[in-house]
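Thank you for making the time this morning. I would like to walk you through one model, and I will ask you to keep it on the screen while I talk.

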Amino acid sequence: MDDRAMTARSNGTTKGLRPLLLSLMFPLMVQAAEIRPLPKFDFGLGAVAEGYVGIGPETRYAPERGYGFASANTPECTVAAPGTEALRGDACVSDEAFTFAIDVPEGNYEVTLLLGSPDSAAETTVKAEARRLILRPVPTKAGEQARATFTVNRRGPALEEDRRLFLNSREQGPPMIAHWDEHLTIEFLGSPAAVSAMTIQPAPEATTVFVAGDSTVTDQRNEPWAGWGQMLPAFFTPGVAIANHAESGRALFSFESENRLEKVLSTMKRGDYLLIQFGHNDQKDQSEGAGPFTTYAEDLREYIQAVRGKGGIPVLVTPMERRRWSEGKPSETLTDFATAVRQVGEEQGVPVIDLHEMSLALYAALGESGSKKAFVHYPANTFPNQKRALKDDTHHNPYGAYQLARAVVEEIRKKVPGLANHLRDDVLPFDPAEPDSPSAVSIPASPVFQLEKPEGN
């Protein structure tokens with residue numbers, strides 16, 4: 001837990017939700033308020049399709065242009081053969097990850113991609129913003145192209161009355177990596193990745209699934225860390241956008257005191273969802289009277305009240321366990337917090353996703369040694385400039401985050417039918433006692449590495 005948040009709790013100065021609810025009676029921010037036609041992009045060096053903007057390797061992002069390649073690596077772009085269709089006859093291709101950015105107002109957007117290359121086979125993974133997994137590997141043969149559509153959320157720090165969300169240094173970050181800026185960034189990864197075309201349109205009617213949580217949930221900006229909320233977009237059909245507002249080191253009360261809950265509520269519309277998972281940092285609250293069945297439970301009730309006040313649908317998530325072993329089985333460190341979540345869920349008539357129970361089953365299935373493969377455990381020199389071994393038994397790597405996301409999705413399927421109707425057809429049932437093999441989960445690493453543990457161990 002960060003010192004700023006702990007001070008707020010111990011001094012009794014957290015804002016409370018009654019003033020917040022009153023403030024939300026004023027006119028709210030509207031997603032994609034400046035709805036305007038956005039350019040359509042034709043990637044490659046051949047003829048440009050009518051109504052599209054041509055994108056070649058020299059199309060680097062510039063503020064005056066408002067779009068372009070934004071990564072250190074720029075892909076190679078092919079030339080179309082004579083007589084081929086302009087949109088499908090060429091592509092931009094690379095074995096190294098590359099990112100395309102476009103300036104758009106805050107809101108939800110429907111993105112349609114034409115993936116593949118006329119000249120070579122490709123296998124393209126797509127991420128957005130801070131490494132959010134959007135499309136799992138899409139294989140295409142030479143001359144074959146696949147169309148894929150998804151809905152993505154772009155958020156900003158603005159609040160009502162010219163106020164702004166408190167952002168920490170991690171969130172402000174380098175341009176095109178920070179995920180609270182004015183750019184919508186789409187990252188292409190593969191061996192190689194290939195893209196021929198892209199269209200982006202505002203999607204103000206899309207359902208937004210907001211996520212509130214801590215470092216185990218957040219969009220971790222850097223490899224090799226990942227949060228389960230970062231993996232959720234890959235499981236949903238177009239028309240559903242994941243807005244992951246979770247942040248490292250936050251507890252229920254510090255998330256609210258930094259106006260993060262207010263930010264969620266300011267853009268929430270009727271029928272949107274909020275998934276709520278805290279506990280790791282609430283457990284460290286040493287203020288008088290603090291505990292899972294007192295302050296933590298009361299904060300959960302207040303979140304539920306606030307979401308329902310906006311016509312939203314709250315969903316509680318019990319905190320997953322850390323990697324701790326005793327007498328040959330996973331030991332429990334957050335049981336009381338999980339119990340409190342279940343009790344509040346039953347009391348308030350709110351669905352409860354029991355990630356605590358499912359995480360214990362997952363770790364047991366992997367075994368004491370094998371469970372390291374779900375966490376940030378890597379020997380020295382696994383990553384660039386990594387001179388010491390990484391050993392983190394709280395935070396997950398992409399494989400572990402993906403397995404936890406599958407567990408969350410399985411619980412959504414059983415307990416949140418309105419949202420389950422929007423799962424992709426290829427999302428299979430999941431039993432955490434029979435997890436995927438690490439070798440079966442292919443999520444290419446983004447070229448951003450950080451060797452310090454996130455807040456919230």
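Asp-162 sits in the loop between strand S10 (146-154) and helix H3 (169-172), where helices (H or I, at least four residues) and strands (E, at least two) are DSSP runs, numbered from the N terminus. Its phi is near 60°, a positive value in a residue other than glycine, and Asp-162 counts as exposed, at 81% relative accessibility; here exposed means over 50% relative accessible area, buried under 20%, and partly exposed in between, with a 1.4 Å probe and protein chains only.

Residues are numbered from 1 along each chain as its sequence is written, and side-chain values use heavy atoms, with hydrogens and water left out.

Asn-385 also has a phi near 60°, again positive in a residue other than glycine, and it belongs to the loop between strand S20 (375-378) and strand S21 (390-396). With a relative accessible area of 72%, Asn-385 is exposed. Most residues other than glycine have a negative phi, and most peptide bonds are trans.

The one from Ser-191 to Pro-192 is cis, with omega near -5°, and Pro-192 has its place in the loop between S11 and strand S12 (193-202). Glu-223 and Pro-224 are likewise joined by a cis peptide bond, with omega about 0°, and Pro-224 is found in the loop between strand S13 (207-213) and strand S14 (240-244).

How many residues of strand S11 are buried? Eight of its eight residues, 183-190, are, and both faces are covered, with His-183, Thr-185, Glu-187 and Leu-189 on one side and Leu-184, Ile-186, Phe-188 and Gly-190 on the other. S11 runs antiparallel to strand S6 (residues 98-103), joined by six bridges, and Thr-185 is the bridge partner of Ala-101. Strand S8 (residues 122-128) pairs with S11 over five bridges, also antiparallel, pairing being called if DSSP finds at least two bridges between two strands; there, Gly-190 is the partner of Thr-124.

Finally, confidence: pLDDT, the predictor's confidence in each residue, from 0 to 100, averages 90 over the protein chain, and 90% of the residues score at least 70. Over residues 1-7, however, the pLDDT is below 50. Where pLDDT is low, the predicted coordinates should not be read in detail.

Methods:
Predicted model: local features only at pLDDT ≥ 70, side-chain atom pairs only at ≥ 80, totals over all residues. Contact = heavy atoms within 4.5 Å.
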